[in-house]
Amino acid sequence: MLQTVAHYGCHFLIPLVVALFFYKSNWKFAYLIMILGMFIDLDHLLANPIFDPNRCSINFHPLHSYYAIGVYLLLFIPKKTRLIGLGLVIHIFADLVDCELM
């Protein structure tokens, strides 16, 4: 139960806090862009089984690989891609929290 709350709390609450704190005037747009980082979970469809509660996503799925994480960190640097990179990095952080609680 704690693992599920922590995992989904990180996925939805951290982007909300970041959006409200750093993008006050445009927080809804910032939150939406960061939440769209959840689409990297589509790579779970390539796994068999698609969902395994005892599997760590980090470096298992292609969009959760260390190489992909490096790209997400690079996306965080330019201002034009910062929100996308931030959403993806927060997503990876949430998955890392999930892995640590396994």
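Predicted model: local features only at pLDDT ≥ 70, side-chain atom pairs only at ≥ 80, totals over all residues.
View 1. Residues are numbered from 1 along each chain as its sequence is written, and side-chain values use heavy atoms, with hydrogens and water left out. Rolling a probe the size of a water molecule over the atoms shows where empty space is left. On a 1 Å grid over the protein atoms alone, a cavity is a set of points where a 1.4 Å probe fits but cannot get out; a pocket is an open set with protein on both sides within 12 Å along at least five of seven lines; and lining residues have an atom within 4 Å of a point. Grid points are joined across faces, edges and corners, and a volume is the space filled by probe spheres set on the points. The structure holds one cavity of 30 Å³ or more.

**View 2. Here is the lining of the largest cavity.** Which residues line the largest cavity? They are His11, Pro15, Met34, Gly37, Met38, Gly87, Ile90 and His91. Helices H1 and H4 each supply at least two of the lining residues, and H4 has the largest share, with three. Helices here are DSSP runs (H or I, at least four residues; strands are E, at least two), numbered from the N terminus. By class, the cavity lining has four nonpolar, four polar and no charged residues. In this sorting, Ala, Val, Leu, Ile, Met, Phe, Trp, Tyr, Cys and Pro count as nonpolar, Asp, Glu, Lys and Arg as charged, and the others, Gly among them, as polar.

**View 3. The largest pocket has a volume of about 350 Å³.** Its lining has 15 residues, and those closest to the pocket centre are His7, Tyr8, His44, Phe51 and Asp98. Helix H1 (2-22) and H4 each supply at least two residues of this lining. H1 gives the most, with four residues. The pocket lining divides into four nonpolar, six polar and five charged residues.

**View 4. Now look at H1 beside H4, whose axes come within 8 Å and cross at roughly 160°.** That makes H1 roughly antiparallel to H4. Axes are lines fitted to C-alpha atoms, for helices over the stretch in contact, and angles run from 0 to 180 degrees between N-to-C directions. Angles under 35 degrees count as roughly parallel, over 145 as roughly antiparallel, 65 to 115 as roughly perpendicular and the rest as oblique. H1 passes H4 in a right-handed crossing. A crossing is left-handed if the near helix is turned anticlockwise from the far one by less than a right angle, and right-handed if clockwise. On the H1 side you can find Gln3, Ala6, His7, Cys10, His11, Ile14, Pro15 and Val18, which meet Leu86, Ile90, His91, Phe93, Ala94, Asp95, Val97 and Asp98 in H4. Contact means heavy atoms within 4.5 Å. Ten of the residues in this H1 and H4 contact are nonpolar, four are polar and two are charged.

**View 5. Helix H2 (residues 27-35) packs against helix H4 (residues 82-100) at an angle of about 55°, with the axes 7 Å apart.** That makes H2 oblique to H4. The crossing of H2 with H4 is right-handed. Phe29, Ala30, Ile33 and Met34 of H2 make the contact with Leu83, Ile84, Leu86, Gly87 and Ile90 of H4. Eight of these contact residues are nonpolar, one is polar and none is charged.

**View 6. Helix H3 (residues 66-75) also meets H4, with axes that come within 7 Å and cross at roughly 140°.** That makes H3 oblique to H4. Is the crossing of H3 and H4 left-handed or right-handed? It is left-handed. From H3 come Ile69, Tyr72, Leu73 and Leu75, and from H4 come Arg82, Ile84, Gly85, Leu88, Val89 and Ile92. The H3 and H4 contact has eight nonpolar, one polar and one charged residues.

**View 7. Two spots in the loop between H2 and H3 are shown here: Pro49 and Asn59.** The peptide bond from Asn48 to Pro49 is cis, with omega near 0°. At Asn59, phi is near 65°, a positive value in a residue other than glycine.
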